[in-house]
Amino acid sequence: MKIKILSKDLEKLLKPVVKASSSNKTLQILNHIYFEAKGDEITIVGANPEYTVKIAEKGDIDANGSFLILGDKFLQIIKSLSDMEIIITSEDSSISIRAGDSINFSLQTFPIEEYPKQILDVIETTYNFDVSQGDIKKAIKKLIKFCSSDASIQAIFTGFLFDLRESGDLTLVTTDTKRMGVYRSSYKAEKDTKNIKFVVPKQTLEILYDALLDEGPLNVGINYDDDGNVKNVVFKVPSMTISSSVISGNFPNYEMVIPSMLNNYAIINRKSLEEAIKRVSIISDKETNRVIFSFNRDNLKIEVQNNILGYAHEFVPCRYLGNPESVHFNYEFILEYLSVLDAEEFYWGFNHYDSGNKMWSDDEKDFIYVCMPLRRT
């Protein structure tokens, strides 16, 4: 095999597949990536037990060939070569990476026969639909912080729920049981639309996010098992295919969690609230991150009471409808919502000081956030 390519171009191709292979914790051969040069196309594959990433891109190929190689070391070498043209040639059990007249690496390879064949096989999906790349990219950005990273709770809470309806509506949901993000979009099936639900691992969507553009379609394919349950999902964008397992389990009824009627709500400037919380929370108890939010007609009082460090409060203007009330929150849960909100103003609504609080904006009607307050002490 012999190919010529700019190091920056190869680095771009390698990053997502190396990230997939380096996520493997069980099967040693999956720490390697599959590399093939054939005709005028370079194909690179990386995998772990949860998902597989396949990149296919046009290339300057002088001789065909394929090999397995440790992905992280291969990527480190390519990154070290800055913006240079490199020549890669393969022999029986190694490849040579040359740049100019003075740089030459030799890296051991492994026979491709050792790589699991099913990873390289083309996956034929039984149900396919298109969604907006821009919508899914926005949804991932807004929702990914609300997935659980706690290994002690159910795995179902570590992924994204995809809820497809026969109406063509698509809802994506994440939750860690204490807060929940909801993003509403739409989809177009190649055949009749269906009611389908499945949960995709967070790591899969992190890889997908980097590949998505702000416009154009994202093709999604689904495979079912013998019992009619979704077995795996395939995401396709130009030059990249990601095949992912799904997380089994019962995702909670998110619609029941979203308050439908609200007795109290405020309209607040996002930036003013964000800055005030950051200041006042400096002296908060770092075990609970407790901050008290007290709503009145014309202002929101943000308050911290710390028996060791002291006391702080700040007032933020708001328009409030309802009875004066105070709610206690882990302030990070509020800041993380504000950090992914693009609107200047948003609504903060609730019914009772210990019930779920709902946050949304007229400028981002497709995005809803629900968060549980702390118990009063």
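Let's start with who touches whom: among contacts in the chain with a separation of 6 or more, 65% join residues 24 or more positions apart. Keep in mind that this is a predicted model.

Now for the whole chain. The secondary structure comes to eight helices and 26 strands. If you draw a box along the principal axes, the C-alpha atoms fill roughly 75 × 50 × 35 Å. Of the 377 residues, 49% count as buried. The chain exposes about 19000 Å², and carbon and sulfur atoms supply 46% of that area.

| Helix pair | Residues | Axis separation | Angle |
|---|---|---|---|
| Helix 4 and helix 5 | 133-143 and 202-211 | 10 Å apart | about 130° |
| Helix 7 and helix 8 | 270-280 and 331-340 | within 10 Å | roughly 145° |

How do helix 4 and helix 5 lie relative to each other, oblique or parallel? They pack at an angle of about 130°, so they are oblique to each other. Helix 4 passes helix 5 in a left-handed crossing. On the helix 4 side, the contact is made by Gln133, Ile136, Lys137, Ile140 and Lys141; helix 5 brings in Leu205, Leu208, Tyr209 and Ala211. Sort the residues of this contact by class and you get six nonpolar, one polar and two charged.

Helix 7 and helix 8 also make a left-handed crossing. Which residues make the contact here? From helix 7 there are Arg270, Leu273, Glu274, Ile277 and Lys278, and these meet Tyr331, Ile334, Leu335, Leu338 and Ser339 of helix 8. By class, the contact of helix 7 with helix 8 has six nonpolar, one polar and three charged residues.

You'll find Asn229 in the loop between strand 16 (217-224) and strand 17 (230-237).

How values were computed: Residues numbered from 1 in each chain as written. Predicted model: local features only at pLDDT ≥ 70, side-chain atom pairs only at ≥ 80, totals over all residues. Heavy atoms only, no water. Axes fitted to C-alpha atoms, helices over the stretch in contact; angles between N-to-C directions. Helix = DSSP H or I, 4+ residues; strand = E, 2+ residues; numbered from the N terminus. Parallel < 35°, antiparallel > 145°, perpendicular 65-115°, else oblique. Left-handed = near helix turned anticlockwise from the far one by under 90°. Contact = heavy atoms within 4.5 Å. Nonpolar A, V, L, I, M, F, W, Y, C, P; charged D, E, K, R; others polar. Buried < 20%, exposed > 50% of the residue type's maximum accessible area, 1.4 Å probe, protein only. Areas by Shrake-Rupley, 256 points an atom, 1.4 Å probe, with all protein chains shown as cover.
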